[in-house]
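Have a look at it first, then work through each solution step by step.

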Amino acid sequence: MSFNAQTGTTYTLVIADLGKMVTLSNASGITLTVPPSVFATGNIINIQQIGAGQVTLAQGAGVTITSTGATASAPKLKKQYSAASILCTASNSFTVIGDIA
């Protein structure tokens with residue numbers, strides 16, 4: 001597996017992230033956006049928070065995110081070194097599975 005290291009406070013997933021581990025590292029909070037019309041059913045994107053700034057997932061326009069997180073449609077990675085997978089379950093629909101808050 002290869003890596004896509006992100007160090008900013010925002011990042012929007014791209015098709016090239018398939019098959020990679022997207023690492024997110026910043027001292028401040030990070031917003032990771034799942035965009036519409038990029039991924040197909042069955043695609044999986046892996047993410048990991050490697051910095052102190054907590055990662056929050058955001059729905060792009062027309063995207064639906066489900067999870068067991070406290071805010072189901074905007075889950076957060078629990079803490080530094082937490083990881084999760086974002087599974088595309090249907091067109092513009094995603095489920096987040098992993099170490100989320």
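This is a predicted model, where local features need pLDDT of at least 70, side-chain atom pairs count only at pLDDT 80 or more, and totals for chains, interfaces and linings use all residues. Residues are numbered from 1 along each chain as its sequence is written, and side-chain values use heavy atoms, leaving out hydrogens and water.

**Exercise 1.** Find the accessible surface of the protein and its carbon and sulfur share.

Solution. Step one: the surface comes to about 4,700 Å² (Shrake-Rupley method, 1.4 Å probe). Step two: carbon and sulfur atoms hold 55% of that.

**Exercise 2.** Count the helices and strands in the protein.

Solution. Look for DSSP runs: H or I of at least four residues for helices, E of at least two for strands, numbered from the N terminus. You get 0 helices and 9 strands.

**Exercise 3.** Work out the strand order of the open sheet, then its edges.

Solution. Start with pairing, which takes at least two DSSP bridges between two strands. The 6 strands run in the order S1-S3-S5-S8-S9-S7, with mixed pairing. S1 (2–6) and S7 (64–66) each have a single partner strand, so one side of each lacks a neighbour in the sheet. Further in, S5 and S8 are antiparallel and joined by 5 bridges; Asn 46 has Ser 85 in S8 as its bridge partner.

**Exercise 4.** Say what share of the residues is buried.

Solution. Apply the cut-off: buried means under 20% relative accessible area (1.4 Å probe, protein chains only). That gives 41% of the 101 residues.

Note on methods. Buried < 20%, exposed > 50% of the residue type's maximum accessible area, 1.4 Å probe, protein only.
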